[in-house]
Protein chains: 2
Amino acid sequence: MARTPAKRPHRKRPGQYHHGDLQRAMLEQALRTIQTDGVETLTLRAVGEQLGVSRTALYRHFSDKQALLAAVGREGFRRLRIALTAAWDEHGRGRPGFEAMGVAYVRFAAAHPAYYRVMFGRFVESCSKDAAFVEEAGAAFRVLVDSIVEQQRAGLVRPDDPSILARFVWSVVHGMAMLIIDGQLRGVDTGGDALTHYAAGRVRDAIRADA
Amino acid sequence: MARTPAKRPHRKRPGQYHHGDLQRAMLEQALRTIQTDGVETLTLRAVGEQLGVSRTALYRHFSDKQALLAAVGREGFRRLRIALTAAWDEHGRGRPGFEAMGVAYVRFAAAHPAYYRVMFGRFVESCSKDAAFVEEAGAAFRVLVDSIVEQQRAGLVRPDDPSILARFVWSVVHGMAMLIIDGQLRGVDTGGDALTHYAAGRVRDAIRADA
DNA sequence: ACCTGAACACCGTTCAAGT
DNA sequence: ACCTGAACACCGTTCAAGT
C-alpha cells in the first residue's frame with residue numbers, strides 16, 4: 001500500500017506572525033491526533049496549540065470542526081481508492097485481483113481505524129454537504145463497480161446489475177472492517193485475517209458466473 | 001417485531017424529593033432522546049432537566065455517561081436478539097427462517113439507527129468493560145451461530161466452522177446495516193430493501209451445502 | 001440513601017481588535 | 001488577508017451540604 005510518510009507539520013516560529021500554509025498544517029495535525037488518540041478526543045484548541053497558533057486561527061481556513069473532519073475523510077477515501085486500484089492492477093484484474101482488492105480494503109481499515117471512522121459513521125451526515133467529500137467517496141466506489149463490470153465482460157462474474165452487486169460486496173468488506181475496528185473479533189481473530197480469507201472464498205462462490 | 005410502547009418516563013413532582021425509580025426513568029429518557037435527536041446530542045443535563053431532577057442526580061445510579069450508554073446498548077442487543085429469534089422461529093428454522101433473520105437484522109438497524117450506533121461503533125471500547133453489555137451482545141450472536149449449526153445438521157449449510165461462518169454472515173448484515181444507517185445508499189436504495197433481498201440470494205449461494 | 005448547588009476544568013464558536 | 005484574546009454558551013464530573 002502506498003504510504004505517505006507521516007511528516008510532522010511544522011510549528012510556527014514564536015517570532016513570526018504568519019504560519020505559511022496553516023490550512024495544510026492543520027489538516028495534517030488533525031490526522032496525526034486522530035491516528036494516535038482517536039476522533040473523539042480531537043479538539044481544535046489542541047490542534048492550534050500544537051502548531052503554535054491561536055485556537056481560533058482555524059476558522060480562517062475551515063468553516064468549522066465538521067469541515068476539518070470532512071477534509072480528513074476525503075483524504076481517507078483518496079488513499080483507500082489508491083490502495084484498491086493498486087491491488088486490482090497488481091494482481092491481474094481478474095479473480096485474484098478482485099480478492100486482493102477485498103484484502104486491501106479490510107487492511108486499510110484495520111491499519112487506519114480512526115481514519116476509517118471519520119470516512120464512515122456519524123460524520124457522514126454533515127459531510128454529505130461537502131461536495132469534495134462526496135466526490136472522493138464516489139470515486140472509491142467506482143473502482144469497485146468498474147472491476148465488477150470488467151469481470152462480467154470476461155465471463156467471471158454473474159451478469160446482475162453491477163451497482164447492486166458492488167453494494168453487496170461493499171457490505172461484506174465494510175462489515176468486516178467495522179467488526180475488526182470495533183474489536184468485536186478480539187481474541188478469536190483480532191486482525192480479521194482468518195475471516196477475510198474465508199469471506200473471499202464465500203464471496204467468490206456467491207458472485208461467480210458459472211454457479 | 002415486538003415493539004415496546006414508548007411510554008414517557010414520568011417527571012418528578014416539584015414537591016416531592018425522591019423520584020421513585022430514577023435509574024429506570026433515566027434509561028428510558030436517554031433512549032427517547034437518542035431516538036429523536038441522536039447520540040451525539042445526548043447530555044446528562046438535559047436528561048436530568050426533562051425528568052425534573054438535578055443534572056447530577058444521575059451519578060447516584062450510573063457511574064458516568066458511558067455507563068448510561070452501555071445500558072442503552074445492552075437493551076438494544078436484547079431487543080435485537082428477540083427480533084432475530086422471532087424471525088427464525090416464525091419462518092420454520094430453515095433457509096426461509098435464516099433469510100428472515102437477515103431481513104429482521106437489517107430492519108432493526110434501519111428502524112432504530114441511533115440504537116444501533118450505540119450498540120456498535122466507538123462506544124464499544126468502553127462498553128467492553130461492562131460485563132452485562134458483553135453478555136447481551138454475545139447472546140445475540142449465539143442466536144446466529146445456533147441457527148447455522150442447526151442448518152448444518154439438516155444438511156442445508158456447508159460444514160465449515162460455524163463461528164467463522166457466522167462471522168461472515170454477520171459481516172454482511174452489519175455492513176448493509178451500517179451503509180443504510182449512514183445514508184450511503186440514499187437516493188439509489190434508501191431503505192436498503194433491494195440490497196437486502198439481493199444479498200439474501202447471494203449469501204444463500206455462498207453458504208449452501210450442495211454447491 | 002438520595003438529591004442539590006456551586007464549582008472546576010473543559011469544549012466549539014463569535015467577534016472586535018491587532019498586525 | 002491572517003491571526004489573537006476575551007467572551008459566551010455550553011459540556012461532564014466532583015464534592016460538600018442538604019433532606
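This is a predicted model: local features need pLDDT of at least 70, side-chain atom pairs count only at pLDDT 80 or more; totals for chains, interfaces and linings use all residues.
The size of an interface is often given as the accessible area lost when the parts come together. For chain B and chain A, about 3,300 Å² is buried between the two, and 65% of this area is on carbon and sulfur atoms. The contact involves 34 residues of chain B and 34 residues of chain A. Between chain B and chain A, 0 salt bridges are counted. Polar contacts between chain B and chain A amount to 4 residue pairs, with both residues at pLDDT 80 or more. On the side of chain B that touches chain A, helices α8 (162–181) and α9 (193–207) of chain B each supply at least two residues. The most is given by α8(B), with 12 residues. Sorted by class, this side of chain B comprises 18 nonpolar, 5 polar and 11 charged residues.

Side chains of opposite charge can pair when their charged atoms come close. Over all chains, the structure holds 26 salt bridges. One of them joins R24(A) and E28(A), whose closest N and O atoms are 3.1 Å apart. Both residues belong to helix α1 (residues 22–37) of chain A, where R24(A) and E28(A) are 4 residues apart, about one turn of the helix. R24(A) is partly exposed, at a relative accessible area of 46%, whereas E28(A) is buried, at 16%. E28(A) counts as buried because its relative accessible area of 16% falls under the 20% cut-off.

In chain B, a salt bridge forms between the side chains of R93(B) and E150(B), with an N to O distance of 3.0 Å. This pair links distant parts of the chain, 57 residues apart: R93(B) is in the loop between α3 (65–90) and α4 (95–111) of chain B, and E150(B) is in helix α7 (residues 131–153) of chain B. R93(B) is partly exposed, with a relative accessibility of 39%. E150(B) is also partly exposed, its relative accessible area being 28%.

A further salt bridge in chain B connects the side chains of R158(B) and D160(B), at 2.6 Å from N to O. R158(B) is buried, with a relative accessible area of 18%. In chain A, a network of salt bridges links R95(A), R202(A), R204(A), D205(A), R208(A) and D210(A).

Q152(A) is placed in helix α7 (residues 131–153) of chain A. Its relative accessibility is 18%, and Q152(A) therefore counts as buried, the cut-off being under 20%. Leaving out residues up to four places away in sequence, Q152(A) touches V157(A), R158(A), P159(A), D160(A), P162(A) and L165(A).

Definitions and conventions
Residues are numbered from 1 along each chain as its sequence is written. Chains are lettered from A and ligands numbered from 1 in the order in which they are written. Side-chain values use heavy atoms; hydrogens and water are left out. A salt bridge is a side-chain nitrogen of Lys or Arg within 4 Å of a carboxyl oxygen of Asp or Glu. Buried means under 20% relative accessible area, exposed over 50%, partly exposed in between (1.4 Å probe, protein chains only). Contact means heavy atoms within 4.5 Å. Buried area is the accessible area (1.4 Å probe) that two parts lose on being put together, summed over both. A polar contact is a pair of N or O atoms within 3.5 Å; within protein, one must be able to donate a hydrogen and the other to accept it, and residues adjacent in sequence count only if both atoms are side-chain atoms. Ala, Val, Leu, Ile, Met, Phe, Trp, Tyr, Cys and Pro count as nonpolar, Asp, Glu, Lys and Arg as charged, and the others, Gly among them, as polar.
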